[in-house]
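Biologist: I'm new to this one and would like to learn how to read it. Could you walk me through it?

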Amino acid sequence: MPRTRPGLDRPTIVAAALETLDERGLDGLSSRDVARRLGVQQPALYHHFRNKAELLSAVAAEVLDRWHTDRLPEPGERWDAFLLRNARSLRRAMLAVRDGARLIASTGPRAPNLANSVAQVAHLEAQGFAGTDAVLAFIAVSRYTIGATLEEQSAPGEAAFVADDGAGPGTGGGAGGDRRGDAVEDAGLEGADHLLAVVRAVADLGAAHEFDVGLTALVRGLAPSDD
């Protein structure tokens, strides 16, 4: 077993990995760089983590523990209000670090907090959800939240655009998207000016507003089994 320096423990390694993640992103996060930041040899990390995947899982857990602050329902809180609050909290946590959504998506719930999960599902069951429907509701909301945040972090600050392939507005971004939008505008297509103005107005509302519109629509589509 490799020897480690005094004071080197899991929280210290996770903190160094978080710093490296913010500097280099998920693709640039390596155990070698984490070890270098700590002033130790790479094998010293394996005294605490069996491999990089285990380290990433610990980093993801730290992100959620530190920033996902609204994971539990309040007494008497409506199920839909809790789902909205919980999803917004998850989004904030992922946005707190570089590539946070990719980190959470790639590690997955390998070691879920069982007490939290029990409380969450029980809260929905108490308001008429069947157990399976409650679990599926959390899966749907969490997948939407992770996917939307993943797209947001992959193309920060890029405006929605009108695609020229029939996919509709808001299906991409960046310079290429702007050029395609201009192509529609230049073609003199009837209604193009109006649609482009609307799409740009939506972009001006910001990512948080766009996320909330989709989240609210999703939650409204859920209902207790006895409704």
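Modeller: Happy to. Let's start with a term: a salt bridge is a side-chain nitrogen of Lys or Arg within 4 Å of a carboxyl oxygen of Asp or Glu. Keep in mind that this is a predicted model, where local features need pLDDT of at least 70, side-chain atom pairs count only at pLDDT 80 or more, and totals for chains, interfaces and linings use all residues. Residues are numbered from 1 along each chain as its sequence is written, and side-chain values use heavy atoms, with hydrogens and water left out.

Biologist: How many salt bridges does that rule give here?

Modeller: The count is 16. One of them joins Arg 102 to Asp 27, with N and O 2.8 Å apart. Arg 102 sits in helix H5 (residues 100-107) and Asp 27 in the loop between helix H1 (10-24) and helix H2 (31-38), so this pair ties together parts 75 residues apart in sequence.

Biologist: And what counts as a helix?

Modeller: Helices (H or I, at least four residues) and strands (E, at least two) are DSSP runs, numbered from the N terminus. The protein chain here has 10 helices and 0 strands.

Biologist: Which helices does the pair Asp 212 and Arg 88 tie together?

Modeller: Those two side chains form a salt bridge at 3.0 Å, N to O. Asp 212 belongs to helix H10 (residues 207-220) and Arg 88 to helix H4 (residues 79-95), so the parts they tie together are 124 residues apart in sequence.

Biologist: How do I read burial?

Modeller: Buried means under 20% relative accessible area, exposed over 50%, and partly exposed in between (1.4 Å probe, protein chains only). Of the 227 residues in the protein chain, 37% count as buried.

Biologist: Take the salt bridge between Asp 65 and Arg 71. Is Arg 71 buried or exposed?

Modeller: Arg 71 is buried, at 18% relative accessible area, whereas Asp 65 is exposed at 52%. Their closest N and O atoms are 2.8 Å apart.

Biologist: Last one: which residues make the nonpolar surface patch?

Modeller: Patches are made of residues with over 30% relative accessible area and no salt bridge: like charges are joined within 9 Å, nonpolar side chains (Val, Leu, Ile, Met, Phe, Trp, Tyr) within 5 Å. Accessible areas come from the Shrake-Rupley method with a 1.4 Å probe; for residues, only the protein chains shown count as cover. Leu 195, Val 198, Val 202 and Leu 205 make a nonpolar patch of about 300 Å², and Leu 205 is found in helix H9 (residues 192-205).
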